[in-house]
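Trainee: Hi, could you walk me through how some helices sit together here? I'd like to start with what counts as a contact.

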Amino acid sequence: MSLTPPSGTLRLGATAPDFTAETSNGPILFHEFIGDNWVVLFSHPDDFTPVCTTELGAFAKLEPEFTKRGVKLIGLSANGTESHKAWIKDIDEITGSKLNFPIIADPERKVALQYDMIDFQDATNIDDKGVQFTIRSVFIIDPSKKIRLILSYPASTGRNTAEVLRVVDSLQTGDKHRITTPINWVPGDDVIVHPTVSNEEAKTLFPKFRIIKPYLRLTPLELEQK
């Protein structure tokens, strides 16, 4: 059975669609779940699958780091809540994690269609009813419910949880200061002075900034600034 993607493709800066759903931790209204937090929403093709099991265990182990940053985690898989709960036991046993965040039950792909998570690349990535599974999508959503990052991985490739956390750090740092972050940036590295900041302003905002080229100015961020 073929599923038609939504007409309005989600883009960065768009409001994350609201929805109601059952999860492994009970029913939610998504925007209420977000509240005043950041959220990482990530989808999985199916329960009891090898790559997904390793991913969820990794997210669960890293959850305290996300929590420190005011970020809530929520997964999604194309199965019901009872399947999710049984799978969580396997995940904890296999990976040594203690998974506490909710996993959305989306057997009819309603949320997956809203968020364009359906696999249209691999025609064999289907369930026993012939319905396409979800791909490995990641959405970072800020407290104003705006989508700040979208990543899509094929079903065959596991995600990098450290990269998701790194992007959260970059977005939050950029929101707090008038900066952007260069390639492979991690907290503690120099940042880029935002193009909208003049050199005169930069002298006040970033006393240690240096000009590499007129369009590239680097500066350290003092610990108290982060």
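This is a predicted model: local features need pLDDT of at least 70, side-chain atom pairs count only at pLDDT 80 or more; totals for chains, interfaces and linings use all residues.

Trainee: Great. Which residues of helix 2 and helix 3 meet, then?

Mentor: From helix 2 you have Cys-52, Thr-53, Leu-56, Gly-57 and Lys-61, and they meet Trp-87, Ile-91, Ile-94 and Thr-95 of helix 3.

Trainee: And at what angle do the axes of helix 2 and helix 3 cross?

Mentor: Roughly 75°, with the axes coming within 9 Å. Angles of 65 to 115 degrees count as roughly perpendicular, so helix 2 and helix 3 are roughly perpendicular to each other.

Trainee: Switching to helix 5: how does helix 2 pack with it?

Mentor: Helix 2 and helix 5 pack at about 20°, and their axes are 10 Å apart. That makes the two helices roughly parallel. The contact is made by Ala-58, Phe-59, Leu-62, Glu-65 and Phe-66 of helix 2 with Thr-161, Ala-162, Val-164, Leu-165 and Val-168 of helix 5.

Trainee: Is that crossing left-handed or right-handed?

Mentor: Right-handed, for helix 2 and helix 5.

Trainee: What else do the buried residues of helix 5 pack against?

Mentor: Besides helix 2, they pack against strands 3, 4, 6, 7 and 8. Among the buried residues of helix 5 are Val-167, Asp-169, Ser-170 and Leu-171.

Trainee: Nice. What happens at the start of helix 5?

Mentor: A side-chain oxygen of Asn-160 reaches to within 3.0 Å of the backbone nitrogen of Ala-162 there.

Trainee: Last one: how far apart are the end C-alpha atoms of helix 5?

Mentor: They are 23 Å apart, which agrees with the 22 Å that its 16 residues should span at 1.5 Å a residue.

Methods:
Residues are numbered from 1 along each chain as its sequence is written. Side-chain values use heavy atoms; hydrogens and water are left out. Helices (H or I, at least four residues) and strands (E, at least two) are DSSP runs, numbered from the N terminus. The expected span of a helix is 1.5 Å times one less than its number of residues. Buried means under 20% relative accessible area, exposed over 50%, partly exposed in between (1.4 Å probe, protein chains only). Contact means heavy atoms within 4.5 Å. A polar contact is a pair of N or O atoms within 3.5 Å; within protein, one must be able to donate a hydrogen and the other to accept it, and residues adjacent in sequence count only if both atoms are side-chain atoms. Axes are lines fitted to C-alpha atoms, for helices over the stretch in contact, and angles run from 0 to 180 degrees between N-to-C directions. Angles under 35 degrees count as roughly parallel, over 145 as roughly antiparallel, 65 to 115 as roughly perpendicular and the rest as oblique. A crossing is left-handed if the near helix is turned anticlockwise from the far one by less than a right angle, and right-handed if clockwise.
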